[in-house]
Amino acid sequence: MWLNRFKALPRPLRMLVLASFINRAGMFVFPLLAVYLVQSRHLGAGEAGVLISVGSTGLLVGSLLSGPVCGRAGRRAALVSSLLLNAAGYLGLAVLDGPPWTYAAMLFVALVGMGMFAPAANTLIADLAEPDQRPFAYTVSYIANNLGMGVGPLLGGLAAAYSYQLMFAGDILLGLIAAATIRICVPADTRRGAAVSTATTRRAGLLRDFDVAVLVLVSFCYVAPLIGLEYTLPLAVTTVLHSSVAVVGAVYTINSLVVVSVGMLIEKRIKAYPTRTLLITAGLLWSTGMAILVVGFSLPAVLLSTAVWTVGEIIASVVVPTYIADHVEERRVGSFMALNGFVLSAARLVVPMGLGFVWQAHGHRPVLLLLLLTPVVGVVAFAALRVRPTARPLPAAAEPATARP
(Lines give C-alpha, C1' and ligand atoms only; values in the text may rest on other atoms or scores of the structure.)
Protein backbone atom coordinates (compact mmCIF):
# COMPACT_ATOMS: atom_id res chain seq x y z
CA MET A 1 0.00 0.00 0.00
CA TRP A 2 1.30 3.44 -0.90
CA LEU A 3 0.76 4.76 2.66
CA ASN A 4 3.09 2.13 4.09
CA ARG A 5 5.68 2.97 1.43
CA PHE A 6 5.32 6.66 2.29
CA LYS A 7 5.91 5.90 5.99
CA ALA A 8 9.03 3.95 4.98
CA LEU A 9 10.60 7.09 3.48
CA PRO A 10 13.03 8.97 5.74
CA ARG A 11 11.19 11.44 7.95
CA PRO A 12 12.91 14.50 6.40
CA LEU A 13 11.55 13.45 3.00
CA ARG A 14 8.04 13.06 4.36
CA MET A 15 8.27 16.55 5.84
CA LEU A 16 9.67 17.90 2.54
CA VAL A 17 6.58 16.55 0.76
CA LEU A 18 4.37 18.28 3.34
CA ALA A 19 6.32 21.53 2.98
CA SER A 20 6.09 21.34 -0.81
CA PHE A 21 2.32 20.96 -0.61
CA ILE A 22 2.02 23.89 1.81
CA ASN A 23 4.21 26.05 -0.42
CA ARG A 24 2.22 25.21 -3.58
CA ALA A 25 -1.11 25.58 -1.80
CA GLY A 26 0.07 29.07 -0.85
CA MET A 27 0.82 30.05 -4.44
CA PHE A 28 -1.76 32.83 -4.44
CA VAL A 29 0.14 35.64 -6.17
CA PHE A 30 1.81 34.24 -9.28
CA PRO A 31 -1.34 33.10 -11.16
CA LEU A 32 -3.02 36.47 -10.51
CA LEU A 33 0.00 38.71 -10.90
CA ALA A 34 -1.05 40.32 -14.19
CA VAL A 35 -4.49 41.12 -12.78
CA TYR A 36 -2.90 42.65 -9.67
CA LEU A 37 -0.54 44.89 -11.67
CA VAL A 38 -3.33 46.13 -13.93
CA GLN A 39 -6.11 46.59 -11.37
CA SER A 40 -4.19 47.55 -8.22
CA ARG A 41 -1.07 49.23 -9.63
CA HIS A 42 -2.92 50.72 -12.63
CA LEU A 43 -0.45 49.55 -15.26
CA GLY A 44 -1.44 48.87 -18.84
CA ALA A 45 -1.82 45.25 -19.94
CA GLY A 46 1.19 45.52 -22.24
CA GLU A 47 3.31 47.17 -19.57
CA ALA A 48 2.35 44.49 -17.05
CA GLY A 49 3.32 41.79 -19.53
CA VAL A 50 6.74 43.31 -20.09
CA LEU A 51 7.37 43.62 -16.35
CA ILE A 52 6.36 40.00 -15.76
CA SER A 53 8.65 38.83 -18.57
CA VAL A 54 11.58 40.82 -17.15
CA GLY A 55 10.90 39.64 -13.61
CA SER A 56 10.56 36.05 -14.77
CA THR A 57 14.25 35.96 -15.64
CA GLY A 58 14.54 35.35 -11.90
CA LEU A 59 13.37 31.78 -12.54
CA LEU A 60 16.43 31.18 -14.71
CA VAL A 61 18.79 32.76 -12.20
CA GLY A 62 17.24 30.79 -9.33
CA SER A 63 17.60 27.52 -11.22
CA LEU A 64 21.27 28.22 -11.89
CA LEU A 65 21.94 29.32 -8.29
CA SER A 66 20.35 26.23 -6.77
CA GLY A 67 23.24 23.88 -7.60
CA PRO A 68 26.04 26.04 -6.14
CA VAL A 69 23.99 26.91 -3.03
CA CYS A 70 23.16 23.24 -2.46
CA GLY A 71 26.83 22.34 -2.83
CA ARG A 72 28.27 25.05 -0.60
CA ALA A 73 25.61 25.77 2.01
CA GLY A 74 23.67 22.50 2.04
CA ARG A 75 20.28 21.40 0.77
CA ARG A 76 18.33 22.70 3.76
CA ALA A 77 19.90 26.14 3.44
CA ALA A 78 19.01 26.28 -0.26
CA LEU A 79 15.38 25.32 0.40
CA VAL A 80 14.90 27.75 3.28
CA SER A 81 16.66 30.57 1.40
CA SER A 82 14.46 30.01 -1.64
CA LEU A 83 11.28 30.37 0.40
CA LEU A 84 12.56 33.45 2.25
CA LEU A 85 13.56 35.13 -1.02
CA ASN A 86 10.12 34.39 -2.44
CA ALA A 87 8.44 35.87 0.63
CA ALA A 88 10.68 38.97 0.58
CA GLY A 89 9.97 39.63 -3.09
CA TYR A 90 6.22 39.32 -2.67
CA LEU A 91 6.33 41.54 0.42
CA GLY A 92 8.02 44.21 -1.69
CA LEU A 93 5.39 43.84 -4.42
CA ALA A 94 2.64 44.24 -1.84
CA VAL A 95 3.93 47.31 0.00
CA LEU A 96 6.06 49.29 -2.45
CA ASP A 97 4.42 52.08 -4.42
CA GLY A 98 7.11 53.22 -6.80
CA PRO A 99 7.97 53.34 -10.49
CA PRO A 100 7.22 50.26 -12.60
CA TRP A 101 10.81 49.00 -12.55
CA THR A 102 10.55 48.43 -8.79
CA TYR A 103 7.78 45.87 -9.38
CA ALA A 104 9.97 44.03 -11.88
CA ALA A 105 12.84 44.06 -9.36
CA MET A 106 10.68 42.66 -6.55
CA LEU A 107 9.22 40.03 -8.85
CA PHE A 108 12.75 39.08 -9.90
CA VAL A 109 13.69 38.49 -6.25
CA ALA A 110 10.54 36.44 -5.62
CA LEU A 111 11.08 34.27 -8.69
CA VAL A 112 14.75 33.67 -7.92
CA GLY A 113 13.41 31.98 -4.80
CA MET A 114 10.78 30.07 -6.75
CA GLY A 115 13.37 28.89 -9.27
CA MET A 116 15.69 27.58 -6.53
CA PHE A 117 13.12 25.47 -4.70
CA ALA A 118 12.36 22.55 -7.04
CA PRO A 119 15.99 21.69 -7.95
CA ALA A 120 16.97 21.81 -4.27
CA ALA A 121 14.01 19.60 -3.32
CA ASN A 122 14.90 17.08 -6.04
CA THR A 123 18.50 17.06 -4.81
CA LEU A 124 17.36 16.38 -1.25
CA ILE A 125 15.28 13.42 -2.48
CA ALA A 126 18.34 12.07 -4.31
CA ASP A 127 20.35 12.39 -1.09
CA LEU A 128 17.97 10.68 1.30
CA ALA A 129 15.99 8.16 -0.75
CA GLU A 130 17.52 4.77 -1.45
CA PRO A 131 17.77 3.97 -5.18
CA ASP A 132 14.75 1.67 -5.06
CA GLN A 133 12.73 4.37 -3.28
CA ARG A 134 13.50 7.20 -5.69
CA PRO A 135 10.73 6.68 -8.29
CA PHE A 136 8.17 6.54 -5.46
CA ALA A 137 9.66 9.57 -3.69
CA TYR A 138 9.65 11.68 -6.87
CA THR A 139 6.10 10.54 -7.66
CA VAL A 140 4.83 11.52 -4.20
CA SER A 141 6.59 14.87 -4.45
CA TYR A 142 5.08 15.46 -7.90
CA ILE A 143 1.58 14.60 -6.68
CA ALA A 144 1.93 16.86 -3.63
CA ASN A 145 3.00 19.78 -5.83
CA ASN A 146 0.08 19.21 -8.21
CA LEU A 147 -2.43 18.96 -5.37
CA GLY A 148 -1.07 22.20 -3.98
CA MET A 149 -1.35 23.88 -7.37
CA GLY A 150 -4.96 22.71 -7.55
CA VAL A 151 -5.71 24.44 -4.26
CA GLY A 152 -3.50 27.53 -4.47
CA PRO A 153 -5.08 29.45 -7.37
CA LEU A 154 -8.56 28.79 -5.97
CA LEU A 155 -7.64 30.11 -2.52
CA GLY A 156 -5.72 32.98 -4.08
CA GLY A 157 -8.73 33.98 -6.14
CA LEU A 158 -10.96 33.97 -3.05
CA ALA A 159 -8.41 36.04 -1.12
CA ALA A 160 -7.97 38.52 -3.99
CA ALA A 161 -11.74 38.96 -4.25
CA TYR A 162 -11.64 40.26 -0.69
CA SER A 163 -8.31 42.10 -0.77
CA TYR A 164 -5.06 41.93 -2.71
CA GLN A 165 -3.24 42.51 0.57
CA LEU A 166 -4.86 39.36 1.94
CA MET A 167 -3.72 37.51 -1.18
CA PHE A 168 -0.10 38.53 -0.58
CA ALA A 169 -0.33 37.90 3.16
CA GLY A 170 -1.64 34.37 2.64
CA ASP A 171 1.09 33.53 0.12
CA ILE A 172 3.85 34.90 2.38
CA LEU A 173 2.49 33.20 5.51
CA LEU A 174 2.24 29.74 3.96
CA GLY A 175 5.69 30.14 2.42
CA LEU A 176 7.14 30.94 5.85
CA ILE A 177 5.34 27.93 7.36
CA ALA A 178 6.91 25.73 4.68
CA ALA A 179 10.33 27.26 5.42
CA ALA A 180 9.91 26.63 9.16
CA THR A 181 8.88 23.02 8.49
CA ILE A 182 12.04 22.40 6.46
CA ARG A 183 14.28 24.26 8.92
CA ILE A 184 13.04 22.18 11.85
CA CYS A 185 12.66 18.76 10.20
CA VAL A 186 15.48 18.52 7.64
CA PRO A 187 19.09 17.95 8.77
CA ALA A 188 21.64 20.64 7.96
CA ASP A 189 23.67 18.36 5.70
CA THR A 190 22.06 15.43 3.92
CA ARG A 191 24.85 14.51 1.52
CA ARG A 192 26.19 10.98 1.54
CA GLY A 193 29.95 10.42 1.54
CA ALA A 194 31.71 11.39 -1.67
CA ALA A 195 33.51 8.63 -3.53
CA VAL A 196 37.30 8.71 -3.72
CA SER A 197 38.01 9.13 -7.42
CA THR A 198 41.07 8.76 -9.59
CA ALA A 199 41.84 10.71 -12.76
CA THR A 200 40.44 7.82 -14.81
CA THR A 201 37.15 7.67 -12.90
CA ARG A 202 36.84 11.46 -13.08
CA ARG A 203 37.15 11.35 -16.89
CA ALA A 204 34.59 8.54 -17.04
CA GLY A 205 32.32 10.56 -14.75
CA LEU A 206 32.54 13.60 -16.99
CA LEU A 207 31.55 11.52 -20.02
CA ARG A 208 28.66 9.97 -18.13
CA ASP A 209 27.51 13.35 -16.88
CA PHE A 210 27.59 14.75 -20.42
CA ASP A 211 25.20 12.01 -21.52
CA VAL A 212 22.82 12.91 -18.72
CA ALA A 213 23.05 16.62 -19.54
CA VAL A 214 22.00 15.93 -23.13
CA LEU A 215 19.05 13.86 -21.91
CA VAL A 216 17.93 16.64 -19.57
CA LEU A 217 18.19 19.26 -22.31
CA VAL A 218 16.19 17.11 -24.73
CA SER A 219 13.45 16.83 -22.09
CA PHE A 220 12.65 20.42 -23.14
CA CYS A 221 10.60 18.75 -25.90
CA TYR A 222 8.18 17.50 -23.22
CA VAL A 223 8.25 20.66 -21.11
CA ALA A 224 7.54 23.03 -24.01
CA PRO A 225 4.06 21.62 -24.80
CA LEU A 226 3.04 21.96 -21.14
CA ILE A 227 4.05 25.62 -21.01
CA GLY A 228 2.58 26.15 -24.48
CA LEU A 229 -0.79 24.81 -23.35
CA GLU A 230 -0.76 27.12 -20.33
CA TYR A 231 -0.47 30.02 -22.78
CA THR A 232 -2.61 28.87 -25.72
CA LEU A 233 -5.55 27.04 -24.14
CA PRO A 234 -7.11 30.08 -22.42
CA LEU A 235 -6.80 32.04 -25.68
CA ALA A 236 -8.06 29.23 -27.88
CA VAL A 237 -11.00 28.33 -25.65
CA THR A 238 -12.22 31.91 -25.38
CA THR A 239 -11.44 33.25 -28.87
CA VAL A 240 -11.63 30.21 -31.16
CA LEU A 241 -14.28 28.10 -29.42
CA HIS A 242 -16.01 31.15 -27.90
CA SER A 243 -16.47 29.29 -24.64
CA SER A 244 -16.21 30.30 -21.02
CA VAL A 245 -12.84 30.52 -19.32
CA ALA A 246 -14.32 28.03 -16.84
CA VAL A 247 -13.37 25.34 -19.37
CA VAL A 248 -9.73 26.17 -18.65
CA GLY A 249 -10.43 25.47 -14.99
CA ALA A 250 -11.87 22.10 -16.02
CA VAL A 251 -8.59 21.31 -17.79
CA TYR A 252 -6.64 21.89 -14.57
CA THR A 253 -9.17 19.80 -12.65
CA ILE A 254 -8.80 16.88 -15.07
CA ASN A 255 -5.03 17.22 -14.93
CA SER A 256 -5.06 17.00 -11.12
CA LEU A 257 -7.51 14.10 -11.09
CA VAL A 258 -5.37 12.10 -13.52
CA VAL A 259 -2.19 12.86 -11.54
CA VAL A 260 -3.77 11.71 -8.27
CA SER A 261 -5.58 8.67 -9.65
CA VAL A 262 -2.92 7.35 -12.04
CA GLY A 263 0.34 8.62 -10.54
CA MET A 264 0.86 5.74 -8.10
CA LEU A 265 -0.15 3.12 -10.67
CA ILE A 266 2.42 4.48 -13.10
CA GLU A 267 5.12 4.54 -10.43
CA LYS A 268 4.60 0.81 -9.76
CA ARG A 269 5.24 0.07 -13.45
CA ILE A 270 8.23 2.37 -13.97
CA LYS A 271 10.85 0.01 -12.54
CA ALA A 272 9.88 -2.72 -15.01
CA TYR A 273 10.90 -0.72 -18.09
CA PRO A 274 14.14 0.86 -19.35
CA THR A 275 14.51 4.64 -19.22
CA ARG A 276 14.52 4.94 -23.01
CA THR A 277 11.22 3.03 -23.28
CA LEU A 278 9.62 5.22 -20.61
CA LEU A 279 10.73 8.49 -22.22
CA ILE A 280 9.59 7.38 -25.67
CA THR A 281 6.24 6.33 -24.18
CA ALA A 282 5.91 9.72 -22.51
CA GLY A 283 6.58 11.42 -25.85
CA LEU A 284 4.05 9.27 -27.68
CA LEU A 285 1.40 10.13 -25.09
CA TRP A 286 2.25 13.83 -25.43
CA SER A 287 2.11 13.53 -29.24
CA THR A 288 -1.23 11.70 -29.11
CA GLY A 289 -2.69 14.33 -26.83
CA MET A 290 -1.57 17.13 -29.12
CA ALA A 291 -2.78 15.24 -32.22
CA ILE A 292 -6.27 15.10 -30.72
CA LEU A 293 -6.28 18.91 -30.62
CA VAL A 294 -4.93 19.24 -34.16
CA VAL A 295 -7.36 16.77 -35.74
CA GLY A 296 -10.54 18.11 -34.17
CA PHE A 297 -10.22 21.17 -31.96
CA SER A 298 -13.34 21.24 -29.78
CA LEU A 299 -14.31 21.23 -26.11
CA PRO A 300 -14.48 17.40 -25.91
CA ALA A 301 -11.11 17.21 -27.69
CA VAL A 302 -9.56 19.61 -25.16
CA LEU A 303 -10.73 17.49 -22.23
CA LEU A 304 -9.74 14.15 -23.83
CA SER A 305 -6.37 15.55 -24.83
CA THR A 306 -5.70 16.63 -21.25
CA ALA A 307 -6.38 13.14 -19.90
CA VAL A 308 -3.91 11.65 -22.43
CA TRP A 309 -0.99 14.08 -22.22
CA THR A 310 -1.15 14.21 -18.41
CA VAL A 311 -0.05 10.56 -18.30
CA GLY A 312 2.97 11.47 -20.43
CA GLU A 313 3.68 14.41 -18.15
CA ILE A 314 3.66 12.13 -15.08
CA ILE A 315 6.11 9.66 -16.63
CA ALA A 316 8.61 12.32 -17.74
CA SER A 317 8.36 14.25 -14.45
CA VAL A 318 9.33 11.14 -12.46
CA VAL A 319 11.81 9.51 -14.85
CA VAL A 320 14.09 12.51 -15.52
CA PRO A 321 15.00 13.39 -11.89
CA THR A 322 15.27 9.68 -11.02
CA TYR A 323 17.69 9.17 -13.93
CA ILE A 324 19.78 12.13 -12.75
CA ALA A 325 19.93 10.82 -9.18
CA ASP A 326 20.86 7.31 -10.33
CA HIS A 327 23.53 8.16 -12.89
CA VAL A 328 25.23 11.48 -12.13
CA GLU A 329 28.33 11.52 -9.96
CA GLU A 330 27.00 12.32 -6.51
CA ARG A 331 28.74 15.64 -6.01
CA ARG A 332 27.17 16.89 -9.25
CA VAL A 333 23.57 15.86 -8.55
CA GLY A 334 22.62 19.33 -7.31
CA SER A 335 23.97 20.99 -10.45
CA PHE A 336 22.09 18.61 -12.73
CA MET A 337 18.86 19.05 -10.81
CA ALA A 338 19.44 22.78 -11.31
CA LEU A 339 19.87 22.14 -15.05
CA ASN A 340 16.54 20.31 -15.03
CA GLY A 341 14.93 23.33 -13.36
CA PHE A 342 16.64 25.63 -15.84
CA VAL A 343 15.00 23.77 -18.74
CA LEU A 344 11.56 24.43 -17.24
CA SER A 345 12.38 28.07 -16.49
CA ALA A 346 13.72 28.63 -20.01
CA ALA A 347 10.54 27.17 -21.47
CA ARG A 348 8.45 29.58 -19.39
CA LEU A 349 10.31 32.51 -20.94
CA VAL A 350 10.74 31.35 -24.53
CA VAL A 351 7.62 29.33 -25.37
CA PRO A 352 4.83 31.87 -24.69
CA MET A 353 6.72 34.58 -26.56
CA GLY A 354 7.43 32.38 -29.58
CA LEU A 355 3.91 30.96 -29.79
CA GLY A 356 2.49 34.44 -29.37
CA PHE A 357 4.33 35.66 -32.45
CA VAL A 358 3.17 32.62 -34.44
CA TRP A 359 -0.45 33.06 -33.33
CA GLN A 360 -0.42 36.76 -34.18
CA ALA A 361 0.98 36.12 -37.66
CA HIS A 362 -0.79 32.89 -38.67
CA GLY A 363 -3.55 32.05 -36.18
CA HIS A 364 -4.03 29.12 -33.82
CA ARG A 365 -3.58 26.17 -36.22
CA PRO A 366 0.21 26.54 -36.67
CA VAL A 367 0.52 26.89 -32.89
CA LEU A 368 -1.23 23.56 -32.35
CA LEU A 369 0.95 21.96 -35.03
CA LEU A 370 4.09 23.19 -33.26
CA LEU A 371 2.80 21.75 -29.98
CA LEU A 372 2.41 18.42 -31.79
CA LEU A 373 5.78 18.55 -33.54
CA THR A 374 7.79 19.28 -30.39
CA PRO A 375 7.14 15.97 -28.54
CA VAL A 376 7.56 14.07 -31.83
CA VAL A 377 11.07 15.53 -32.04
CA GLY A 378 11.59 14.40 -28.44
CA VAL A 379 10.57 10.83 -29.27
CA VAL A 380 13.04 10.69 -32.18
CA ALA A 381 15.81 12.21 -30.06
CA PHE A 382 15.33 9.83 -27.13
CA ALA A 383 15.27 6.88 -29.55
CA ALA A 384 18.68 7.97 -30.89
CA LEU A 385 20.36 9.13 -27.67
CA ARG A 386 22.69 6.99 -25.62
CA VAL A 387 20.66 6.21 -22.50
CA ARG A 388 22.35 4.23 -19.76
CA PRO A 389 20.36 1.14 -18.82
CA THR A 390 21.53 0.78 -15.21
CA ALA A 391 22.24 3.01 -12.26
CA ARG A 392 25.77 4.09 -11.46
CA PRO A 393 27.74 1.60 -9.35
CA LEU A 394 28.01 2.21 -5.64
CA PRO A 395 31.30 3.87 -4.61
CA ALA A 396 33.98 1.47 -3.46
CA ALA A 397 35.09 3.81 -0.70
CA ALA A 398 33.48 6.80 0.92
CA GLU A 399 34.47 9.66 3.13
CA PRO A 400 32.16 10.44 6.07
CA ALA A 401 29.82 13.35 5.47
CA THR A 402 30.74 16.46 7.41
CA ALA A 403 28.08 18.14 9.47
CA ARG A 404 27.23 21.75 8.84
CA PRO A 405 26.09 24.14 11.51
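Trainee: Which side chain meets that of Arg332 in a salt bridge?

Mentor: This is a predicted model, in which local features need pLDDT of at least 70, side-chain atom pairs count only at pLDDT 80 or more, and totals for chains, interfaces and linings use all residues. Residues are numbered from 1 along each chain as its sequence is written, and side-chain values use heavy atoms, with hydrogens and water left out. A salt bridge places a side-chain nitrogen of Lys or Arg within 4 Å of a carboxyl oxygen of Asp or Glu. At 2.7 Å, N to O, the partner of Arg332 is Asp209.

Trainee: How many residues apart are Arg332 and Asp209?

Mentor: Arg332 lies in the loop between helix H14 (299-327) and helix H15 (333-362); helices here are DSSP runs (H or I, at least four residues; strands are E, at least two), numbered from the N terminus. Asp209 belongs to helix H10 (residues 199-218), and the pair links distant parts of the chain, 123 residues apart.

Trainee: Which salt bridge joins domain 1 and domain 2?

Mentor: Domain 1 covers 10-186 and domain 2 covers 209-388, with bounds from an automatic or database domain assignment. The count between these domains is 1 salt bridge. The side chains that meet, at 2.6 Å from N to O, are those of Arg134 and Asp326.

Trainee: Which helix gives the most residues to the side of domain 1 that touches domain 2?

Mentor: The elements giving two or more residues to that side are helix H5 (57-73), helix H7 (100-128) and helix H8 (134-162). With 11 residues, the helix that gives the most is H8.

Trainee: What area do domain 1 and domain 2 bury between them?

Mentor: The contact (heavy atoms within 4.5 Å) takes 26 residues from domain 1 and 28 residues from domain 2. Buried area is the accessible area (1.4 Å probe) that two parts lose on being put together, summed over both. Carbon and sulfur atoms carry 72% of a total of about 2,400 Å².

Trainee: Why is the protein chain described as compact?

Mentor: The chain has 16 helices and 0 strands. The globule rule is 2.2 Å times the number of residues to the power 0.38, and the radius of gyration is taken over C-alpha atoms. For 405 residues the rule gives 22 Å, so the chain is as compact as a globular protein of that length, its radius of gyration being close to that at 21 Å.
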